[in-house]
Each structure stands twice: as structure tokens, then as C-alpha cells.
Amino acid sequence: MFQLSSVRSYVDSLCSFVFISYIPLRSQDLVLNQYNQITDLMRILLTACFIWIIIHDSCQVKGACESELGMQSKLIPDENITASSQLSANHTPAFARQDNPKGAWCSAPNDSLPYIQILLDEKKSITIIITQGSDREQRWATQYQIKYLKEGKWSTYQKADGSLTFKGNRGAISLHDIDLQPPIRTRSIRIYPKVPQTVMENAPRNLDNVSCLRLELYGCSAPVNGGWGEWGGWSECSVTCGPGMRSRDRKCDSPKPQYGGATCNQVEQVKQEQCMKQKCQVNGGWGKWDRWSECSVTCGFGMRSRERKCDSPKPQYGGAPCNKVEQVEQKQCLERKCQVNGGWGKWSHWSECSRTCGIGLTSRERKCDSPEPQNGGTPCNEAERVQQKYCKKRNAEKETTIISDTPAQGMAG
């Protein structure tokens, strides 16, 4: 709201002086009958004061949360305006509306703690209170205190500097604005007028404690923080088989955020959980190969094998098993070459008899080549390589006749 505090302090003081000077004239019925006796300066000042009141009232520039809440416009009904007491039937709480031409609310003389209470249609943020005294009774309050309903209890409003009391009006007609920083968020508020003053010189002494007040409230609907509504239904599982995810969400509509209230925490909007419609088929897969087996023979060429299991993964839930043909792998092996013992080959033909007549010797031999000894194999027994026999050659026929397989003792070769 547009503030004219520095200018108003001077203008309000001047207007108070004018009205103080004007009231005695009015009380002596000089306002109408002897109006011409008022000096030109007084007329100018009096006119200026009324113009100031009109201008100041029309220059109330409303901000984002500085709208009239309904005292002047009567959006706040009479039954929502109550008070601790009232001076008379002509000073009821319903008269406590700013610029009310019929009068103002005034407290009872014996009310030591007077207040006016206003109930709003909903919780509001109250940012400014405009106060005004009573022009008829020429009474106003020079100080104010404020209480508001919070969680079922009346709390005293404390200004940002920690003080509890606000400065009040300087005269009966002039307006005084009370800035509420921080704003009051409530549905019900009480304004306590204190230290009343009057310019009525002949006012009864029993009315010294009477406070009179007219006012207007400014503000806006109190911020409404958003709240989460009910959860929606779960979505379909993200996969047709096996572990997946499903989600559900909710709206920030219980209530919706309004009037600058905080929205819901978006992190809490969606909830997720794991789901599984059915287990997926798992086809079998071969695991690692085992070690090779020992060679099937200790020497020479043999075979060795290795195998693997169908466990990476195992077939499950109707999945295909591994191909058994691929379970075993074989390969040729040779640890070392085998020893080959020598073996005699075929005998050669018998030699000629060693004598042309009489008894002699004949021989034959063979080779150790069936097979030859190999790889450390045992050679043939050399004693068995040559075979000799007795023989006798017939001169006429020139044929050798074997007499015995054993050679005779002492015969020359």
C-alpha cells in the first residue's frame, strides 16, 4: 500500500489542531449562526483537511495482498462483528465500519479491556488495518494491540521488532494504517483500542475510559498449501514376464494450492513398486568346461575328454535344455611314445656246408627288424641271431645233408 507517513504526520497534526479549534465553536452553536466569524485561514485549513482525508483514502494503492476485506462494503455481515461491550444501542459493533456516517462503535465505560472482534468468511492473510475514531463523540485511540485466533487459541500479535503495541490515531476523523509484517493468517481477529483521547472539554468524567473505533481490514485469502489426493490405480506391469515395475500417481488437489500457497512435493507424486505377472521361460545354457581327463593310454596315441553342465543358466519354467551332443568334447592325446622291443625277422637261407666231404657245419641268421627296437625298447637276444647245424656234403650229388641240429663238439668251423 502507498505510504504517506512522513507527510501524514504533519497533516494529521495540523488537522487535529483545526478540529480542536473547530469543536468549541460547534459546541457553542457558532458553526452555522456565526460561520462568518471564522477566519479565512480556518476555512482554508478546514477545507484542506477534508480534501486530505478524501485524497488519502482514494490513494490507497492495493498490492497483491492488500484488498479490502469487507468492512466498508459490508461483505462482512453485522453478525460477524462483535465486541467486548458497547456504550449504547447507537454504538454497536456493527457501527465499526470505516467512514460509517451513522457513528462508530464505542465501548462501555466500565470495560477495562475493550476490543472489537471480526469473523471472516474464511482464513485470510491480513496485511493492513486502517483505524479511525468517532467524529460524533470526538474520541479515538492512540494505541492498539491485536490478537488473532490460531489453532483455537487467541495469540497476541508481535511485530517484527518484538513489540506488541502499535501507534494509534492522532484525531477523530483522520485515518491511521497499521502495517502487519508479517501478515496475520487467521479467520478471526481482535483489535484492542488503548489510551483513548477526546477533544470534548465538557465530556463526562465517567466516559474517560470509553474507546471508539471504526476500521477496515486489508489483505487477501490466506495461502492454501496443496495437499495430495487419493492414489490412482496401479499401471500395468512394464513387462509380460519376469520382474518389472508398475506405478501409480496422485494429484495435488486436496486441496489445490491457492493464493501463493506451497505446491505439493513432486517427488511424492508417483509411487513405484516391483511386479511380476509370471516367471519367464529360461533356456538352458552351458557352463564352463571341466578339466581334460587323463589320456586313455599311458603311451602312444590315445583320447582324452572333458564335459560341461547345463547350468548357466539351468533350464526353468519350460525353457529348452542344452543340446546333449555338445556336452562332451574329445581330442587325441600322446603322453609319450611307447617302447618297442626288437623282434627277429625271417631266417636267411642255410649257408653251404663248411666241408666238401665228411661232416661239417651250415648256418643261417636273421635280423632284429620285426620290429626294430625303438624308444628304449629291448633289443633282440644276440645269442639267437645265428643258427648252426651239422651237415655232410655228398660229392656225387653236391648236396648238403643236415645230419643234426646240434654241432659236434670240437669241430672246426
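How many salt bridges does the count come to? The answer is 10 salt bridges, and this tour stops at some of them. Keep in mind as you click around that you're looking at a predicted model.

**Stop one: E236 and K277.** Select these two and show their side chains. They meet in a salt bridge, with 3.2 Å from N to O. Now color the strands and see where the partners sit: E236 is in the loop between β9 (212–221) and β10 (244–249), while K277 is in the loop between β11 (270–275) and β12 (301–307), so this pair ties together parts that are 41 residues apart in sequence.

**Stop two: E273 and R246.** Next, pick this pair, whose side chains form a salt bridge at 2.5 Å, N to O. Here you're hopping between strands: E273 belongs to β11 and R246 to β10, 27 residues apart, so to speak a link between distant parts of the chain.

**Stop three: E335 and R304.** E335 lies in the loop between β13 (328–334) and β14 (359–365), and R304 is in strand β12, so the pair ties together parts 31 residues apart in sequence. E335 is partly exposed, with 43% relative accessible area, and R304 is partly exposed too, at 21%.

**Last stop: a network.** Finally, select D121, E122 and K124 together. Salt bridges with shared partners join these residues into one network.

Key
Residues numbered from 1 in each chain as written. Predicted model: local features only at pLDDT ≥ 70, side-chain atom pairs only at ≥ 80, totals over all residues. Heavy atoms only, no water. Salt bridge = Lys/Arg side-chain N within 4 Å of Asp/Glu carboxyl O. Helix = DSSP H or I, 4+ residues; strand = E, 2+ residues; numbered from the N terminus. Buried < 20%, exposed > 50% of the residue type's maximum accessible area, 1.4 Å probe, protein only.
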